[in-house]
Amino acid sequence: MTTGRGSPSERLYTTLRAAILHGVFAPEQALKPQELANTENVSLAVAREALLRLVGEGLAARLPNRGFAVPAVNAERWQQITEARAVTEPVMLRLSIERGGVDWEVRVRATHHHLARTPLQEPGDTFVSDEWSEAHRQFHRALLEGCGNPVLLDGFDRMWTASELARRWSGAIVPERDGMKEHAALEEAALSRDAERAADLLARHVRHTAQSLTVRTVRND
């Protein structure tokens, strides 16, 4: 049952968002507005409003018959977001390395330190924790903030949110991935001002998530 402050739509949105990100709903599971409205004691309009917000964030899919569902693991959208990130983020990182000053270096080092010391998962959970996810976001954003271009950074923020579910699935599907090593290499390359290596590492790091979801699809076939 939804609890807390805010409008009924805000509370339902917050509850559903957390449930989807923590794997409570399976990939492609239907999210039925009327059922949610009945369960949470809200109007159908409120349930649809919350679901549409999730669609906007890439955490739910709009179906042709006007229904909703959790996105598929192999959804084409994940591949499209990955392609966009792999094109834009290495360019932004090159700009950060070129333009970033001491404050940028301090921010990159501090966020990486925080990420490296934040547990990936809660005990007994297969999905990454909210705390790790936020530390992960802060590190990646810090790498790019030195570019000094708010338009590019706004684009990063939108794509990061849209790909959050895919990242969490990727971690659960390929738990042996050494993300800590990848992040350490990114920090080292960025702070040593090796733009070529840093950009290549970031592009491969971003693509790894989509590749992990493809592996899941192949294994299930």
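Biologist: Which helix has the lowest mean pLDDT among the elements of the chain?
Modeller: Across the chain the mean pLDDT is 89, and 91% of the residues reach 70 or more. Among the elements, helix α5 (residues 102-116) has the highest mean, 98, whereas the lowest, 77, belongs to helix α8 (residues 164-173).

Biologist: Over which residues is the pLDDT below 50?
Modeller: Where pLDDT is low, the predicted coordinates should not be read in detail. One stretch, which has 5 contacts in the model beyond near neighbours in sequence, calls for that care, with a pLDDT below 50 over residues 216-221.

Biologist: Is H183 buried or exposed?
Modeller: H183 is found in helix α9 (residues 179-191), and, leaving aside neighbours within four places in sequence, H183 is in contact with several residues, including H112, W132, H136 and H205. Buried means under 20% relative accessible area. The relative accessibility of H183 is 3%, so H183 counts as buried.

Biologist: What is the relative accessible area of E131?
Modeller: E131 lies in helix α6 (residues 130-145) and, not counting residues up to four places away in sequence, touches T118 and E122. A residue is called exposed over 50% and buried under 20%. E131 falls in between and is therefore partly exposed, with a relative accessible area of 48%.

Biologist: How many Å apart in space are E131 and A110, C-alpha to C-alpha?
Modeller: Along the sequence, E131 and A110 are 21 residues apart. In space, taken from C-alpha to C-alpha, the distance between E131 and A110 is 16 Å.

Key: Residues are numbered from 1 along each chain as its sequence is written. This is a predicted model: local features need pLDDT of at least 70, side-chain atom pairs count only at pLDDT 80 or more; totals for chains, interfaces and linings use all residues. Side-chain values use heavy atoms; hydrogens and water are left out. pLDDT is the predictor's confidence in each residue, from 0 to 100. Helices (H or I, at least four residues) and strands (E, at least two) are DSSP runs, numbered from the N terminus. Contact means heavy atoms within 4.5 Å. Buried means under 20% relative accessible area, exposed over 50%, partly exposed in between (1.4 Å probe, protein chains only).
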